[in-house]
Amino acid sequence: MTTYITPAGIRVSGDSAVELLEQLEQARLIPDESGPEFMERVAHYFQVEDNISIDTSNPENFIADLIQNDYLSVIDVIDG
């Protein structure tokens with residue numbers, strides 16, 4: 001399991017991109033927003049604010065782009 005932190009201090013942990021995505025969605029506290037809607041909203045924010053493109057085609061690519069663009073940073077890795 002890997003634990004990540006966002007620049008805002010939100011911590012998420014998981015073994016898969018889907019688990020990380022679900023935790024990020026829950027941390028944002030927007031009820032009734034689906035995974036694809038959440039990814040699109042976050043990608044739009046990064047495009048407008050930082051001119052960064054985030055891939056929303058699937059959770060794996062989305063999380064990989066967040067990591068590559070320093071929105072998620074590894075803080076702990078536990079091999080299980």
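Predicted model: local features only at pLDDT ≥ 70, side-chain atom pairs only at ≥ 80, totals over all residues.
Residues are numbered from 1 along each chain as its sequence is written, and side-chain values use heavy atoms, with hydrogens and water left out.

**Strands**

Helices (H or I, at least four residues) and strands (E, at least two) are DSSP runs, numbered from the N terminus. Two strands pair if DSSP finds at least two bridges between them. The table gives the pairings of S1 (residues 2–5).

| Pair | Sense | Bridges | One bridge |
|---|---|---|---|
| S1 and S2 (residues 11–14) | antiparallel | four bridges | Tyr-4 with Val-12 |
| S1 and S3 (residues 73–77) | antiparallel | four bridges | Thr-2 with Val-77 |

S1 and S2 form a hairpin with five residues between them. Gly-9, in the turn, has a positive phi of about 90 degrees.

Buried means under 20% relative accessible area, exposed over 50%, and partly exposed in between (1.4 Å probe, protein chains only). In H1, the buried residues include Ala-17, Leu-20, Leu-21, Leu-24 and Glu-25. Seen down the axis of H1, its buried residues fall within an arc of 140 degrees, so they line one face of the helix. The arc is that of the directions from the helix axis to the C-beta atoms. S1, S2, H2 and H3 are among the elements that cover these residues, where contact means heavy atoms within 4.5 Å.

In H3 (residues 59–68), Pro-59, Phe-62, Ile-63, Asp-65 and Leu-66 are buried. Their arc, seen down the axis of H3, is within 160 degrees, so they too line one face of the helix. Their cover includes H1 (17–28) and H2 (35–50).

**Loops**

Most residues other than glycine have a negative phi. Asn-51, in the loop between H2 and H3, has a positive phi of about 55 degrees although it is not a glycine. Asn-51 counts as exposed, at 63% relative accessibility. Asp-70 lies in the loop between H3 and S3, and its phi is also positive, near 65 degrees. With a relative accessible area of 56%, Asp-70 is exposed.
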